[in-house]
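Reader: I am new to this structure. Please take me through some of the labels used for it, and tell me what each one rests on.

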Amino acid sequence: MAVLVGRRALLQVFRIPTADRDSVRRLATASSCSRRYFSGKVSPSRLNGHGAVTRHYSSDCKDDLRVRYLDGEDAGIVVVGINRPKAKNAISKNLVKMMFEAVEDIKKNNKVRSVILCSLVPGIFCAGADLKERAKMHQSEVGSFVSKARAVITELGNLPMPTIAAVDGAALGGGLEMALACDIRIASNTAKMGLVETKLAIIPGAGGTQRLPRVIGVSLAKELIFAARVVDGTEACRLGLVSHSVEQNMTGDAAYMRALELAREINPQGPIAIRMAKLAINQGIEVDLSTGLAIEEACYAQVIPTKDRLEGLAAFKDKRRPYYKGE
């Protein structure tokens, strides 16, 4: 029984609501800053303390991506689950379309405080591009599809709130590029990760040549890409590719559970402050230190007039926990 509790929690996580994307972009301008394919039993468990849930397989393409806005004590956490078991979660036209829609909804919802990107398919995070679908494309279609995939991964990376990739299985090619676009990556020790495109006589086309060097350094990134090398979660952590490597559990969702713990750590903090901190870091890291400090100053200015800042001071004075509303 206890073994089942771990994985079922994740499967309690899915529906798509709708919910102000432009606000963060306006802040940036004003500041000059310039997850199972359900077969039998599944158990993403402890979400909101609910019990285990049993689901069934579905091959409907509308189930390729499942999004759940958590509630209760976990309100503010969104779980995005990739669900293409027959295709090892490969990136298809439909998946790209659904991801665009999900990211747009998340961007527009100011109540979202963190996002977990995971897989609902045991042993797989995302195997990269759907090569069976790709083989049916005319040569003229390939570039356009890759551009759309790159764009959706870029939009994922541009989400204003923290994003966490929970890698409990293979993340190859575009799958790893998707994880690289997230702020934080957590992997099970048994996960497999690599940009393997050179095996197919192509190169990473959805940000891998740019994000991997920024994460692990230029020389190591070149080595991994040139050799199409695949590393496990333990090695990925040593290289700095992931922040945490956790021992896989019997239900196969150890990285997801650790990601949920982290999201719960983030949840109580000031949401506007977190968005501004992310903006300052992301933009500042691309410029010289002097410009970066100016970006930080401009982002700091955005938190000064907020009600949340006053609530933080009042809570400190009263020796109580603050209650932040994102105002």
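Reader: Why is A201 called exposed?

Author: This is a predicted model, and its values are computed from that model. A201 has a relative accessible area of 72%. Exposed means over 50%. A201 is therefore exposed.

Reader: Where is the place of A201?

Author: A201 is in the loop between β10 (192–194) and α7. Its phi is positive, about 65°, although A201 is not a glycine. Most residues other than glycine have a negative phi.

Reader: What makes K319 exposed?

Author: K319 has a relative accessible area of 75%. The cut-off is over 50%, so K319 counts as exposed. K319 sits in the segment after α13 (307–318). K319 is not a glycine, yet it has a positive phi of about 55°.

Reader: How do you know whether M161 is buried or exposed?

Author: Look at the relative accessible area of M161, which is 1%. Buried means under 20%. M161 is therefore buried. M161 lies in the loop between α5 (139–157) and β7 (163–167).

Reader: Which residues does M161 touch, not counting residues up to four places away in sequence?

Author: M161 touches I106, V112, R113, S114, V115, D183, R275 and K278. Take I106: M161 and I106 are 55 residues apart along the chain. Their C-alpha atoms are separated by 9.3 Å.

Reader: Why are α3 and α5 called roughly parallel?

Author: Helix α3 (residues 93–107) packs on α5 at an angle of about 25°. Angles under 35 degrees count as roughly parallel. That is why α3 and α5 get the label. Their axes are 10 Å apart, and the crossing is left-handed.

Reader: Which residues of α3 and α5 meet?

Author: From α3 come K93, V96, M99, F100, V103, E104 and K107. From α5 come E141, F145, K148, A149, A151, V152, E155 and L156. The contact of α3 with α5 divides into nine nonpolar, no polar and six charged residues.

Reader: Which residues make the contact of α11 and α12?

Author: On α11, I272, A273, M276, L279, A280, Q283 and G284 take part. On α12, the partners are G292, I295, E296, C299, Q302 and V303. The contact of α11 with α12 holds eight nonpolar, four polar and one charged.

Reader: What makes the contact of α7 and α8?

Author: G208, T209, L212, P213 and I216 of α7 make it with V218, L220, A221, L224 and I225 of α8. The residues of the contact of α7 with α8 are eight nonpolar, two polar and no charged.

Reader: How many helices and strands does the chain have?

Author: The chain has 13 helices and 12 strands. Of its 327 residues, 52% count as buried.

Terms used:
Residues are numbered from 1 along each chain as its sequence is written. This is a predicted model: local features need pLDDT of at least 70, side-chain atom pairs count only at pLDDT 80 or more; totals for chains, interfaces and linings use all residues. Side-chain values use heavy atoms; hydrogens and water are left out. Contact means heavy atoms within 4.5 Å. Helices (H or I, at least four residues) and strands (E, at least two) are DSSP runs, numbered from the N terminus. Ala, Val, Leu, Ile, Met, Phe, Trp, Tyr, Cys and Pro count as nonpolar, Asp, Glu, Lys and Arg as charged, and the others, Gly among them, as polar. Buried means under 20% relative accessible area, exposed over 50%, partly exposed in between (1.4 Å probe, protein chains only). Axes are lines fitted to C-alpha atoms, for helices over the stretch in contact, and angles run from 0 to 180 degrees between N-to-C directions. Angles under 35 degrees count as roughly parallel, over 145 as roughly antiparallel, 65 to 115 as roughly perpendicular and the rest as oblique. A crossing is left-handed if the near helix is turned anticlockwise from the far one by less than a right angle, and right-handed if clockwise.
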